[in-house]
Every structure is written in C-alpha cells, then in structure tokens.
Amino acid sequence: MSHHVPNEARVVPLRPHSARPDGAPPRRTSPAPAAKEPLWRDLIGDVLRRERLAQERTLKDVADEARISMPYLSEVERGRKEASSEVLAAAARALGLGLGDLLSRAQGELARVTSRYAGGSRRAVSPPSHDGLCLAA
C-alpha cells in the first residue's frame with residue numbers, strides 16, 4: 001500500500017488573526033503606493049542645467065570649458081547618464097562652482113522634493129505585513 005501525499009501548498013499562520021468586534025474577518029488594506037523618489041542623476045542634472053541657464057551660457061560653452069563632449073554634458077543634464085565625480089567636478093568648475101556646492105544644491109533639491117512626497121514629514125515607510133508563510137515542496 002503506497003501513501004500518496006497530495007501536492008498542495010499549505011499556509012501556516014505566523015500570528016493569530018485579530019477578530020473585529022462584529023465577528024467579521026479582519027479587513028485587508030492595501031498599502032498606499034510609495035511616492036517615487038527622484039534619482040540622484042536627475043537632481044544633479046537639474047542643478048547643472050539651472051545654473052548654466054542662470055548664467056546665460058550655452059551647453060557648448062560649458063562643455064568646452066569643462067573638457068566634456070557637448071552631447072555627454074547634455075545627457076548628464078537630462079539625467080540620462082551617471083557621471084563620474086571627475087566629470088561632475090569639471091562641469092561644476094566650468095560653472096564657477098565647487099563639487100561641494102553642486103552636491104549641496106542637489107541635496108537641498110532632494111530634501112525639497114521628498115518633503116512634498118511625505119507631506120512634509122520624514123517618516124520611514126513600514127514594510128507590508130504578512131500573516132502567513134507559504135511552504136511548498
């Protein structure tokens with residue numbers, strides 16, 4: 001006689017479900033979608049472009065002074081390329097900024113943009129909770 005075990009997955013609760021006062025099963029709420037934070041390369045590019053335009057300089061002028069190709073600097077400004085620290089420092093110097101100035105402005109922009117997502121608060125987003133563990137063999 002063979003013992004055939006059905007090929008089924010079982011859910012093993014990790015903690016008991018809390019019952020609602022009316023006896024209904026607990027409600028499942030989906031977590032609010034997390035706001036997408038901007039990428040560092042986008043912030044850096046925005047700062048470089050804003051500063052270049054504020055100085056009324058052309059992309060070619062800044063690229064030539066920084067010894068960066070004009071298409072590459074354009075890609076950096078649009079956030080399409082992850083520039084090295086050497087390239088960022090050269091672009092910043094061409095605009096009369098230090099690398100620290102560039103990074104500080106980008107950090108300020110990050111703080112400003114992310115405060116909008118969190119409604120002005122800096123709370124950590126809690127991970128979704130799971131009520132069970134699925135075991136499969």
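This is a predicted model: local features need pLDDT of at least 70, side-chain atom pairs count only at pLDDT 80 or more; totals for chains, interfaces and linings use all residues.
Reader: With which residue does the side chain of R49 meet in a salt bridge?

Author: A salt bridge is read from the distance between a side-chain nitrogen and a carboxyl oxygen, with 4 Å as the cut-off. The side chain of R49 meets that of E77, with N to O at 3.0 Å. R49 belongs to helix α1 and E77 to helix α3, and the pair links distant parts of the chain, 28 residues apart. E77 counts as buried, at 3% relative accessibility.

Reader: Which residues are linked with R49 in a network of salt bridges?

Author: The network links R49, R52 and E77.

Reader: How many salt bridges does a search of the whole structure find?

Author: The search finds ten. One of these joins the side chains of E82 and R41, at 3.4 Å from N to O. E82 lies in the loop between α3 and α4, while R41 is in helix α1, so this pair ties together parts that are 41 residues apart in sequence. E82 counts as exposed at 56% relative accessibility, and R41 as partly exposed at 27%. A further salt bridge is formed by R78 with E75, whose closest N and O atoms are 2.3 Å apart. R78 counts as partly exposed, with a relative accessibility of 37%.

Reader: Where are nonpolar side chains expected, as a general matter?

Author: In soluble globular proteins, nonpolar side chains tend to be buried together. In this model, the largest nonpolar core has 21 residues, of which I44, L48, I68, L73, L88 and L102 touch the most other members. The elements that give two or more residues to this core are α1, α2, α3, α4 and α5. Among them, α4 gives the most, with five residues.

Reader: Which residues of α4 are buried?

Author: The buried residues of α4 are L88, A89, A90, A91, A92 and A94. By contrast, E86, whose place is in helix α4 (residues 85–94), is exposed, with a relative accessible area of 57%. The C-alpha atom of E86 is separated by 9.2 Å from that of L99, a residue 13 places apart from E86 along the chain.

Reader: Which residues does L48 touch, not counting residues up to four places away in sequence?

Author: L48 touches V76, E77, L88, A91, A92, L95 and L102. Of these, L88 and L102 are listed with L48 among the core residues that touch the most other members.

Reader: Is E109 buried or exposed?

Author: The cut-off for buried is under 20% relative accessible area. E109 has a value of 13% and is therefore buried. E109 lies in helix α5 (residues 99–117) and touches L43 and R50, not counting residues up to four places away in sequence.

Reader: In which loop does R67 lie, and what is its phi?

Author: R67 lies in the loop between α2 and α3 (70–77). Its phi is positive, about 60 degrees, although R67 is not a glycine. At 78% relative accessibility, R67 counts as exposed.

Reader: Which residue with a positive phi follows α4?

Author: α4 is followed by G96, whose positive phi is near 80 degrees.

Conventions
Residues are numbered from 1 along each chain as its sequence is written. Side-chain values use heavy atoms; hydrogens and water are left out. Helices (H or I, at least four residues) and strands (E, at least two) are DSSP runs, numbered from the N terminus. Buried means under 20% relative accessible area, exposed over 50%, partly exposed in between (1.4 Å probe, protein chains only). Contact means heavy atoms within 4.5 Å. A nonpolar core is a set of buried Ala, Val, Leu, Ile, Met, Phe, Trp, Tyr and Cys residues joined through side-chain atoms within 4.5 Å.
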